[in-house]
Amino acid sequence: MSRIGKNPIAIPAGVTVEVKDSVIVVKGKLGELSQAFDKVDVKVEDGQVIVERSSDVKEERAKHGLYRSLINNMVVGVSEGFTKELELVGVGYRASNQGQKLDLALGYSHNIVLNITDEVKVETVSEKGKNPIVKLSSADKQLVGQVAAKIRSFRKPEPYKGKGIKFVGEVLRRKAGKSA
């Protein structure tokens, strides 16, 4: 029994949802997203999207909640959008961007230059006395998370001093150093 899959998705003002064959298309002020689906039935009625399954086969039960969550993320994405913020903790760690090109100085012998897709907007904030912050925003939740994970993978936070790239608000498990 999928409790998530049973909940209807409310469609906010300014968002249109179309179902054609086995593809759902969601359009809003921040863009257009589409998702293919199978094993479930998607209906749009009375300003709501309803995801139903035809039987209790294990695969259909699994995909019931999955597609409901994916469609909900699409509706929220095109109406409000998603943002992720990464913080660079460490002496000499810097971030700057020229358009969609992100330049990271992370203590290696060379800077890391990353070209970010046009769907994701990138912004860097560097204030004196504070750690640099990289802000990523887009309508596609999966794409924002994937780009953030790629940036974080260049220098993951280490457990002793906490140096590295971490998400803003992330709590790190710290270890004690050598005992005297």
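How much area do domain 1 and domain 2 bury between them, and what share of it lies on carbon and sulfur atoms? In this predicted model, the two domains bury about 400 Å² between them, with 68% of that area on carbon and sulfur atoms. Leu33, Asn73 and Gly77 account for 72% of the area that domain 1 buries against domain 2, more than any other three residues.

The protein is divided into domain 1, spanning residues 9–80, and domain 2, spanning residues 82–167. Their centres, taken over C-alpha atoms, are separated by 31 Å. Contact between the domains involves 6 residues of domain 1 and 4 residues of domain 2. On the side of domain 1 that touches domain 2, helix H2 (residues 58–79) gives the most, with 4 residues. By class, that side of domain 1 has 4 nonpolar and 2 polar residues, and no charged residues.

An open sheet is formed by 3 strands in the order E1-E6-E5, with antiparallel pairing. Strand E1 (9–10) and strand E5 (41–45) are at the edges and have a single partner strand each, so one side of each is left without a neighbour in the sheet. The antiparallel pairing of E5 with strand E6 (residues 48–52) extends over 5 bridges. Within this part of the sheet, Val42 stands opposite Val51 in E6.

Conventions
Residues numbered from 1 in each chain as written. Predicted model: local features only at pLDDT ≥ 70, side-chain atom pairs only at ≥ 80, totals over all residues. Heavy atoms only, no water. Pairing = 2+ DSSP bridges. Helix = DSSP H or I, 4+ residues; strand = E, 2+ residues; numbered from the N terminus. Domains from an automatic or database assignment. Contact = heavy atoms within 4.5 Å. Buried area = accessible area lost by both parts, 1.4 Å probe. Nonpolar A, V, L, I, M, F, W, Y, C, P; charged D, E, K, R; others polar.
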